[in-house]
Amino acid sequence: MLFSLGFLVLYFVLFVLLLGLWWFREERPVPPLAEFPSVSILIAARNEEEHIITCLQAIDRLHYPKEKLEVLVGDDRSTDRTRALVEAYQQQFPYVRCHAITYDVPGTKGKANVLAQLARLATSNYFFITDADIEVPPHWVETLLRQVTDRTGIVTGITTTKGSGLFNRLQTLDWLYNLGLMQVVADRGVAVSTMGNNMLVIREAYEAVGGFESIPFSVTEDVQLFKQVLQKGYKTANVYSAQVLALSLPAPNVMTLLHQRRRWMRGSVHLPWYMLLLFVLHSAYYPVWLPFFLHTSVGIWLGIFCAKVVVQGLFVHLCLRRVGRKTNWPDLFLLEIYLLVSGFILIIYFFLPVKIRWKGRLY
């Protein structure tokens, strides 16, 4: 009883504090670019015939000089028309190049292997990394570049899902909510994490760690690279704004979502301890709240539940407002049910002795 009460008090004090910091957050002014340096956009693609052209068309809409862009697409042994589509596309857009990935660099697998090879081909000092099913916004490149300072190693944008169905909308809220929690911490000047579908890596920092081929393999190669760059003394920055909000395809079904989140949970072991503690505290809410019912009345139990929904709903509402989006209270309530159910399933699924399936491969 005392443990549950102490936990719940700590939980609400912490998240009310986070809500207050998010509510009164002020954007720090960032000077415009003095020049437009050459940049490289690296895309790992495996069986992405349905999405790759949409991704490349979004890149073509970038408000950045095309003569300063090189887009390197690594076709990771696709068995569909991905490579043919990119090669046809590059005939009209010469800044796009498709490279066949036919072997594994020692020490790498999957996406890390593709990126390791593309980084060797890149000619600029700025590696923008995104995925083949992502649509980046028009001001993506210059907005991330504006965050670069002398010792910056990685700059991270934000991503959410697109789609109008309820399952898709809940995934959208989930992404923006968790990224909002990370941003509140990042605003304090503390390193948090990165996202492999929306990140800028400075060549100097990348080469300082030896590239993907020299760091320990992880199914979340982005977080592993982030960890290694931090250890070399480089700084990181996170940007939460509509100018860097990339759109991803939502998980089409529950099993795909579980594989995705299990992969992320595997990668969470590489997070800084304070971020890991924050997410563990958040995930432990219901395992503590449910048994608390045995020691209190139904009214108090439901009151605590409603308080969480309100605090969380306000936080998510602010997350959406910061990127120019709206939602409704029914979805915010359903998000709570979504988090409750998916959280319990993931805790069980995480410890099952099954491999992670991602892009047609098992890890």
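User: Is C98 buried or exposed?

Analyst: This is a predicted model. A residue counts as buried under 20% relative accessible area. C98 has 14% relative accessibility, so C98 is buried. By contrast, C306 is partly exposed, because its relative accessible area is 43%.

User: How many disulfides are there?

Analyst: A disulfide is a covalent bond between the sulfur atoms of two cysteines. The sulfur atoms must therefore lie within 2.5 Å of each other. Here the count comes to zero. For C98, the closest cysteine sulfur belongs to C55 and is 12 Å away, which is too far for a bond.

User: Which residues have the most contacts inside the largest nonpolar core?

Analyst: A nonpolar core is a set of buried nonpolar residues joined through their side chains. The largest one here has 82 residues, and I43, L56 and I59 have the most contacts inside it. Helix α6 (residues 166–186) supplies the largest share of this core, 11 residues. A second, separate core has 26 residues, among them A119, Y206, F226 and Y234.

User: What is L56 in contact with, beyond its neighbours within four places in sequence?

Analyst: The partners of L56 are I43, V71, V73, V86, Y89 and V96.

User: Which residues form a nonpolar patch on the surface?

Analyst: Patch residues need over 30% relative accessible area. L166, F333, L334, I337, V341 and I345 form such a patch, with about 450 Å² of accessible area together. Helix α13 (residues 329–350) gives the most, with five residues. I337 is found in this helix and is partly exposed, because its relative accessibility is 34%.

Conventions:
Residues are numbered from 1 along each chain as its sequence is written. This is a predicted model: local features need pLDDT of at least 70, side-chain atom pairs count only at pLDDT 80 or more; totals for chains, interfaces and linings use all residues. Side-chain values use heavy atoms; hydrogens and water are left out. Patches are made of residues with over 30% relative accessible area and no salt bridge: like charges are joined within 9 Å, nonpolar side chains (Val, Leu, Ile, Met, Phe, Trp, Tyr) within 5 Å. Accessible areas come from the Shrake-Rupley method with a 1.4 Å probe; for residues, only the protein chains shown count as cover. A salt bridge is a side-chain nitrogen of Lys or Arg within 4 Å of a carboxyl oxygen of Asp or Glu. Helices (H or I, at least four residues) and strands (E, at least two) are DSSP runs, numbered from the N terminus. Buried means under 20% relative accessible area, exposed over 50%, partly exposed in between (1.4 Å probe, protein chains only). A nonpolar core is a set of buried Ala, Val, Leu, Ile, Met, Phe, Trp, Tyr and Cys residues joined through side-chain atoms within 4.5 Å. Contact means heavy atoms within 4.5 Å.
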